[in-house]
Amino acid sequence: MVFGRLVNWIRNFFRLRQDISLGIYGCTNVGKTTLANRICMDWTGEEMGKVSRIPHETRLVQKKEKVLIESNGKKININILDMPGIATKVDYRKFLKYKIKKRAAKKRAREATKGVVEAIKWLNHVDTVLAVMDATKDPLTQVNITLLGNLEAKGIPVILVANKVDLRRAKPQNIKEAFPQYPLVEISALRGKNINNLYEAVIKHSRKAK
Amino acid sequence: MKKSKMKLKIDFVSSVALDSKTGQKRINFILNKVKDGSILVVNGVLTPDEEMDLIRETMRRVDDGFPGIEVCSLKKQVKGWGQFLATLGNGREKLSSSIWAGITGNPPKTKLKTGITLIGPAKIIKNIKKNPDSFSVLAEM
């Protein structure tokens, strides 16, 4: 951990790397792919992945390289990594409710578990993390707590993203109260609300803006 | 009609029992018990790395009969100088266990932190409501 931090610091200090890997992490169905699509559409004009209301739609790590983002005259090149949602359980029976056939549901569950393992592996290869949370739900889940604790131990900068603030029942203040030590941006990835605040935060907290 | 009896097994495990196990053995111990249908209550908390390893290993073991786990932990909150000293202590402990592991060739042992952890099969535990200093569990057989 200490050695990893030292290497990161040396890289940052000498600017040995031109771009940063921005990992989009969080539980399932919090809007990670919607956010990745929003960022990609804003800066490249292309979408990144398919969005669905069925959990575990993203089961493989999606990458978009060299996306140049700009805010307040500062620029940064990012490699966006849209991660499968992290979960402690994957039950194929849940997918049957969405009218998916049993065989397909089991296949989806198998792929989903591999996706979670893959997302965890990638924690060692990201420079900055957007920890996305659904502002309409309770943020004090064990997945969020474990994810943030892990990133803190690795010394990786984290920006909390309170997503879905366009919905009436959204309570982003709950996220602020639960994790007051992290910078928080309140957005609606779907509507693009406050998205510029997110770009500003990414440039500010990634420490590599030119 | 005869009513079938539903049984729920709860294992209370002392931190000493887990302190004596190294990383992977600790995770295996927990998951073997949970996969057998037990709810485990431990008087200690895993490190963030171990918690992530637990999730990863759980995902590898998920099958039709075992959809995964529900887990919840309460850590002792330390702030200010206490937090600084705890960080120093953690660093010292990690360094000494790494050196010991290097000499003996065995994986390093880390002690559980102060707190309480509940881990159970997702099939039984339907919901965990967590607050900063408490949590309640809803189990259904």
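The following legends describe close-up views of a predicted model.

**View 1. The open sheet of chain A.** Six strands of chain A make up an open sheet with mixed pairing, and their order across the sheet is 2-3-1-4-5-6. Strand 2 (62-71) and strand 6 (184-186) of chain A form the edges, each of them pairing on one side only. From one strand to the next, the twist averages 30°. Strands of a sheet pair through backbone hydrogen bonds, in either a parallel or an antiparallel manner.

**View 2. The pairing of strand 1 with strand 3 in chain A.** Strand 1 (residues 19-26) and strand 3 (residues 74-82) of chain A run parallel and are joined by six bridges. Within this part of the sheet, A:Leu22 has A:Ile80 of strand 3 of chain A as its bridge partner.

**View 3. Helix 7 of chain A across the sheet.** Helix 7 (residues 195-206) of chain A lies across strand 1, strand 2, strand 3, strand 4 (128-134), strand 5 (158-163) and strand 6 of chain A. Relative to strand 2 of chain A, helix 7 of chain A runs at about 95°.

**View 4. The contact between chain A and chain B.** Chain A supplies 17 residues to the contact, and chain B supplies 20 residues. On the side of chain A that touches chain B, the elements giving two or more residues are helix 4 (102-121) and helix 5 (142-154) of chain A. Helix 5 of chain A provides the largest share of this side, namely five residues. Classified by type, the side of chain A that touches chain B comprises nine nonpolar, six polar and two charged residues.

Technical notes: Residues are numbered from 1 along each chain as its sequence is written. Chains are lettered from A and ligands numbered from 1 in the order in which they are written. This is a predicted model: local features need pLDDT of at least 70, side-chain atom pairs count only at pLDDT 80 or more; totals for chains, interfaces and linings use all residues. Two residues are in contact if their C-beta atoms, placed from the backbone, lie within 7 Å. Helices (H or I, at least four residues) and strands (E, at least two) are DSSP runs, numbered from the N terminus. Ala, Val, Leu, Ile, Met, Phe, Trp, Tyr, Cys and Pro count as nonpolar, Asp, Glu, Lys and Arg as charged, and the others, Gly among them, as polar. Two strands pair if DSSP finds at least two bridges between them. Axes are lines fitted to C-alpha atoms, for helices over the stretch in contact, and angles run from 0 to 180 degrees between N-to-C directions.
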